[in-house]
Amino acid sequence: MRGIKCIKCGNRKFTYSSVANGKVCSKCQHRVVFDPFSGIPLSDTKIAKAIEKISINHTLFFTEKQFCYYLTRSLARYEKQGKPSFLAVVSFILGILFMLPGLLITFFVSTSGLLLVGVGLVFLLVTTLVNISEKYGPSPTVDELASLVRKWQEVNGEIHGLLPLRPKALPTPDGEVMQYSFDRVVVTDKASIAQFLIANNFHFENNCAVLSLDGYPKEIFEPVMEMLHQNPELKVFALHDCSVQGVLLSSQLRKDKKWFGEQQVPIYDLGLLPRQVMNQKGFMSMKSAEIAKLAELLPQEVRQSLLPEEIKWLEEGNYLELESLAPVELLKAVSSGIARSRSEEALVPVQEDVYYIVPFVYSSPTITYDAYPDTFG
Ligand SMILES: [Zn+2]
């Protein structure tokens, strides 16, 4: 990535701002947030493009974390590609073109060939310098990116489709919600995922209620639970991170009286489970010592439902967030998991009335992210 373009006026000349230690456009004074010369190979215009890609041309809502994971993945791709720049390639070729005949002339004709060798060396030196100047620092963390994305919004305006960190209150239910009768409910371990599904109309398209373990959406939680408790045909789908807390979700829903402890309903685990990600390439799993400690407390009945290598993976502190998957792929995976729950051969019973759905519907994110070609190419 070479050069930056003002996201407002397209100008390519910048001056250092006297107020902040960043750059401003020399023409319209617009502030630069992502400066590829400051160590992260992202620019403000690339961010605008990334917003278009992740939201599939502004048709999907997404969370801040999903966006930051998306940027992180794009950065990893960028580093992996490590394409030498045009300047580096040209100066390398010129270097060789001067060096070779120079050496031949020096050995077989006269020492005046050394002049050509010298010119060749200068070009090779340029190649090295260009390569060094284009090396970037270590990739920023998801949290570091999040604070840059917030700053980007302060300067360039709210990102369309980006869901608020604290979900806005839904309009107070006017009795309309009680007219629906859902035979299915997706319960998520995190409110952010429930918010994401609802914002993208998942509940309408799949005819199911969506709730989070901590009671989102607050305004309709109680009436919806009441309705679900009265439905003997109910099917429950647990959707969670691949983490210690995540693998507990199904059994929590099974046992807790507030949930379905007093109701004979099947519970389907939609994942993520360690077996779905631990031997797959391309997933962005994280590690934390705190999670490792939590894993020791996993109750016996949950351990029994996991493979020994899954328990080991969790005990090492590994986890993977659903938000690290591309939003469009997550929506597809959850819909297809629900559809598969109808076919009996897709179900693996693990506890009383608790099933896993196979084969796993999460595609490898390497494939996933090919849904966005040339994001940063
Ligand atoms: Zn400008």
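Predicted model: local features only at pLDDT ≥ 70, side-chain atom pairs only at ≥ 80, totals over all residues.
Helices and strands are here DSSP runs, numbered from the N terminus.

Most residues other than glycine have a negative phi, and most peptide bonds are trans. The places described below concern phi values and peptide bonds.

In the loop that separates helix 1 (44-54) from helix 2 (64-81) lies N57. The phi angle of N57 is positive, near 55°, although the residue is not glycine. Is N57 buried or exposed? Within 10 Å there are 9 other C-beta atoms, and N57 is therefore exposed, given that 12 or fewer such atoms define an exposed residue.

N201 has 11 C-beta neighbours inside 10 Å, so it counts as exposed.

The discussion now turns to peptide bonds. Which form does the bond from Y216 to P217 take? The bond is cis, and its omega is near -10°. P217 itself belongs to the loop that connects strand 4 (209-212) with helix 8 (218-229).

A cis peptide bond also joins G271 and L272, where omega is about 10°. L272 is placed in the loop between strand 6 (267-269) and helix 10 (274-277).

Conventions: Residues numbered from 1 in each chain as written. Helix = DSSP H or I, 4+ residues; strand = E, 2+ residues; numbered from the N terminus. Buried ≥ 20, exposed ≤ 12 C-beta atoms within 10 Å, placed from the backbone.
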